[in-house]
Amino acid sequence: MALRYKECGQLQRGLDGGVSTLSFSPDGTYIAIAGIQDVKVYIWRVADNKLLHTYSGSEYLVLLLEWLPGCMNTILCGSKGGYISVLRFTANISQVTGFWAHKFPVERLAVKGTQLVSGACSEVTVWRQVHTDEWSHVRDLQCPYTDSKNSEEEVIVVGIHWTKTRVHNSVVIVTYIYHGIVYVCTVLWCLLQALTHHL
């Protein structure tokens, strides 16, 4: 049976130009949307379509929004300039901190507990939360293996996900356009398995 959707509201204020990315809060209370032309992040309350906050402090386009698990008021923003920003808001105010993370645009973020894995082009980096809005570098994950069929192709990360297996309680899966899928154990950050695929 096919899913059917109906329009339940329109977000009328803000957002000049197109949408770069959007993300619902973990409980569906809020939706965060980043604009393309105005380089802003907007936060709306879903129940009444009310615009609550507008963040306009960055000169770089926001490419990715990721809510911190269990936090209804904190969003990680990956930017075209290689920065990861932490946007925290309350009823009347929003606060932003952040750090430069990559030489390339940050297009992938995956959070579990106090650990964050970020991806930017060929770079995959692990971070640990040391304070509320402060993250420290843990390590860079090695690039995937190459062979005669993909050695000429650019290494590009297209997905990062946390999961577990029957043997390992915490695993990160990194997927690449041309270089397959890599499974990494997050206890020692060691390679468990690499699967290649060829188009």
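1. In which strand is the place of F24? F24 lies in strand β1, a strand being a DSSP run of E of at least two residues, numbered from the N terminus. The model is predicted, with local features needing pLDDT of at least 70 and side-chain atom pairs counting only at pLDDT 80 or more, while totals for chains, interfaces and linings use all residues. Residues are numbered from 1 along each chain as its sequence is written, and side-chain values use heavy atoms, without hydrogens and water.

2. F24 counts as partly exposed because its relative accessibility is 48%; buried means under 20% relative accessible area, exposed over 50%, and partly exposed in between (1.4 Å probe, protein chains only).

3. S25 sits in the loop between β1 (19-24) and β2 (30-35). Its relative accessibility is 4%, so S25 counts as buried.

4. The side chain of S25 has a polar contact with the side chain of D27 at 3.0 Å, and also reaches the backbone nitrogen of T29 at 3.1 Å. A polar contact is a pair of N or O atoms within 3.5 Å; within protein, one must be able to donate a hydrogen and the other to accept it, and residues adjacent in sequence count only if both atoms are side-chain atoms.

5. Neighbours within four places in sequence aside, S25 is in contact (heavy atoms within 4.5 Å) with Y30, W67 and M72.

Methods:
Helix = DSSP H or I, 4+ residues; strand = E, 2+ residues; numbered from the N terminus.
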